[in-house]
Amino acid sequence: MSASPRIPGFRFLHSPGPTRVPDEVMHAMQQPMMDLMDPRVADLVADCEHGMRRLLDADEAHVVFYAANGHGMWEAVTVNLLAPGKTLLVAGGGHFSESWTRQAEVLCGAVSGAQVQRTPYREGHPIDAAAVEQALRDDREQRIAAVAVVHTDTASGITSDLAAVRRALDAARHPALFVVDAVASAAAAPLAMRALGIDVVMGASQKGLMMPPGLGFALVNARAMAWTEAHPGPRFYWDWALRRSELQYRKFCGTPPLAHLQGLRAALGLIEQEGLAEVQARHRRLAGAVHAAVQCWAEAGALRLHCKVPQALSASVTAIEVEAAARARGVDPEAIRSIARERFQVAVAGGLGPLAGRVLRIGHLGDMNEAAILGALAGVEAAMSTLLVPYGRGGMEAAIASLAAARGARA
Ligand SMILES: *Cc1c(COP(=O)(O)O)cnc(C)c1O
């Protein structure tokens with residue numbers, strides 16, 4: 001491949017992961033490597049563990065880091081919690097619950113009688129907590145070991161209500177562990193592990209944590225740790241219990257990903273500096289501007305917000321659906337994406353799984369501000385204009401008004 005010519009100015013990255021990496025994080029990742037017995041390594045790891053507990057309001061939870069992405073973390077959760085004859089109940093909610101289910105089904109093959117069950121869901125809607133409650137009530141023999149919940153389904157731009165899942169577990173009086181995939185929500189949306197009685201939270205570095213891909217984490221409380229200890233299985237690298245060591249080489253099952261840990265410490269420092277509440281308010285504010293623009297664009301009838309439940313609209317990413325009739329007339333989200341990226345320097349994401357070719361997604365999480373959001377929306381609008389996509393006018397004005405009102409309310 002020939003070298004691409006330099007593009008002047010910024011290229012806007014609005015994928016919901018990987019997201020923009022701040023310079024502070026990039027620079028931190030360029031620190032020299034250290035000997036593993038250097039006390040600075042232990043300090044670095046302790047700072048990262050402490051920061052993750054604060055981020056997720058986890059208090060005592062054991063923090064396990066892996067050189068892995070989100071799929072690795074699904075595997076970590078699954079192999080630590082599966083046991084012979086036991087079931088993993090995945091709360092259905094979209095593409096990511098589907099992918100987790102498929103992965104867990106394969107892993108179940110190695111554990112006699114282990115099963116995965118997924119609750120039904122409706123496209124465009126968050127997790128159906130009543131369906132989770134029913135599945136738990138129907139489980140009279142208490143085979144369900146854990147309920148696996150994707151907090152924000154990145155494919156549909158929908159954030160589910162974790163408190164509703166907590167209530168479902170309580171109402172059914174079921175002792176199953178409560179496990180949350182926070183890959184797309186950590187830092188961007190409130191997630192209080194302790195207050196909601198969540199036993200395991202897992203995530204990865206490249207979304208709200210503003211880092212390159214490659215670092216996975218799991219916060220494991222005492223109840224989940226006791227479960228995994230009581231149910232040994234064919235696992236080693238992923239094993240939570242084996243990683244409870246003061247020796248870094250054991251704690252990481254080998255050499256720690258030092259550069260990523262340096263990056264994480266810097267990223268957590270940035271979040272701490274801004275204040276977690278403000279980070280989350282900023283995500284809400286920016287998401288509100290995107291939603292306002294899309295609602296305006298939708299007035300011409302060709303596209304709409306994919307999420308049908310306003311309070312479930314994600315603070316991290318917005319999925320814009322092209323209506324079937326408009327698709328039939330040739331409006332193609334992939335064409336909009338391609339023009340936005342190649343002509344207007346705005347990279348947005350496309351549809352995944354059943355939403356492929358039906359949606360485009362604007363990521364608004366991580367190291368993001370008002371100007372970036374307005375630029376992204378303008379780039380998408382310019383691409384739609386180029387392609388003669390019918391869209392309601394005034395989207396940019398609506399986004400600006402939304403941002404102006406949100407700031408005003410704060411000041
Ligand atoms: C991105 C994502 C994943 C998968 O993460 P990878 O790092 O791509 O493996 C899993 N769950 C959710 C909710 C995600 O957004």
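**Stop 1: helix α3**

Select residues 70–81, which form helix α3 in this predicted model. Ten of its twelve residues are buried, so the rest of the structure largely encloses α3. Colour the buried ones: Gly70, Gly72, Met73, Trp74, Ala76, Val77, Thr78, Val79, Asn80 and Leu81. Now put a distance line from the first C-alpha of α3 to the last. The helix reaches 17 Å, close to the 16 Å expected at 1.5 Å a residue.

Step back to asparagine 69. This residue caps the N-terminal end of α3. Look for its side-chain oxygen, 3.1 Å from the backbone nitrogen of histidine 71.

**Stop 2: the whole chain**

Zoom out. How many helices and strands does the protein chain have? There are 14 helices and 14 strands. Along its principal axes, the C-alpha trace spans about 60 × 55 × 50 Å. The radius of gyration is 22 Å, which agrees with the value near 22 Å for a compact globule of 411 residues.

Buried residues make up 57% of the 411. Next, think about contacts between residues at least 6 apart in sequence. Of these, 73% join residues at least 24 apart.

**Stop 3: the largest nonpolar core**

In soluble globular proteins, nonpolar side chains tend to be buried together. Here is such a group to explore. Which residues touch the most other members of the largest nonpolar core? Select Met52 and Phe65: among the 55 residues of this core, these two do. Several elements each supply at least two residues, including α2 (39–55), β2 (62–67), α5 (129–138) and β5 (144–150). Helix α9 gives the most, with seven residues.

A second core sits separately. It has 39 residues, and Tyr66, Ala146, Val150 and Trp240 are among them.

Stay with phenylalanine 65 and show its surroundings. Beyond its neighbours within four places in sequence, Phe65 is in contact with Cys48, Glu49, Met52, Leu215, Gly216, Phe217, Arg243, Phe252, Leu261 and Leu264.

**Stop 4: helix α9**

Two of those contacts, Leu261 and Leu264, are also buried residues of α9. Helix α9 has 17 residues and reaches 25 Å from first C-alpha to last, close to the 24 Å expected at 1.5 Å a residue. Its buried residues are Leu258, His260, Leu261, Gln262, Gly263, Leu264, Ala267, Leu268, Leu270 and Ile271. What do they pack against? Show α1 (23–28), α2, β2, β10 and α10 (276–297) to find out.

**Stop 5: glutamine 280**

Carry on into helix α10 and click glutamine 280. Is Gln280 buried or exposed? The cut-off for buried is under 20% relative accessible area. Glutamine 280 has 13%, so it counts as buried. Its side chain reaches the backbone oxygen of alanine 189 at 3.3 Å. Leaving aside neighbours within four places in sequence, Gln280 is in contact with Ala187, Ala188, Ala189 and Pro190.

**Stop 6: threonine 318**

Jump to strand β12 (residues 317–322), where threonine 318 lies. Thr318 is buried, with a relative accessible area of 1%. Which side chains share polar contacts with its own? One is histidine 291, at 3.2 Å. Another is histidine 364, at 2.7 Å. Show more of the surroundings. Apart from neighbours within four places in sequence, the contacts of Thr318 include Val290, Val294, Leu305, Leu360, Arg361 and Ile362.

**Stop 7**

Most residues other than glycine have a negative phi, and most peptide bonds are trans. Finish with some exceptions.

- Select glycine 17 and proline 18. A cis peptide bond joins them, with omega about 0°. Proline 18 is in the loop between β1 (12–14) and α1.
- Select methionine 210, in the loop between β9 (200–204) and β10. Its phi is positive, near 60°. Met210 is buried, with a relative accessible area of 5%.
- Select glutamine 345, in the loop between α12 (333–342) and β13 (346–350). Its phi is also positive, about 60°. Gln345 is buried, with a relative accessible area of 19%.

Methods: Residues are numbered from 1 along each chain as its sequence is written. This is a predicted model: local features need pLDDT of at least 70, side-chain atom pairs count only at pLDDT 80 or more; totals for chains, interfaces and linings use all residues. Side-chain values use heavy atoms; hydrogens and water are left out. Helices (H or I, at least four residues) and strands (E, at least two) are DSSP runs, numbered from the N terminus. The expected span of a helix is 1.5 Å times one less than its number of residues. Buried means under 20% relative accessible area, exposed over 50%, partly exposed in between (1.4 Å probe, protein chains only). A polar contact is a pair of N or O atoms within 3.5 Å; within protein, one must be able to donate a hydrogen and the other to accept it, and residues adjacent in sequence count only if both atoms are side-chain atoms. A nonpolar core is a set of buried Ala, Val, Leu, Ile, Met, Phe, Trp, Tyr and Cys residues joined through side-chain atoms within 4.5 Å. Contact means heavy atoms within 4.5 Å. The radius of gyration is taken over C-alpha atoms; the globule rule is 2.2 Å times the number of residues to the power 0.38.
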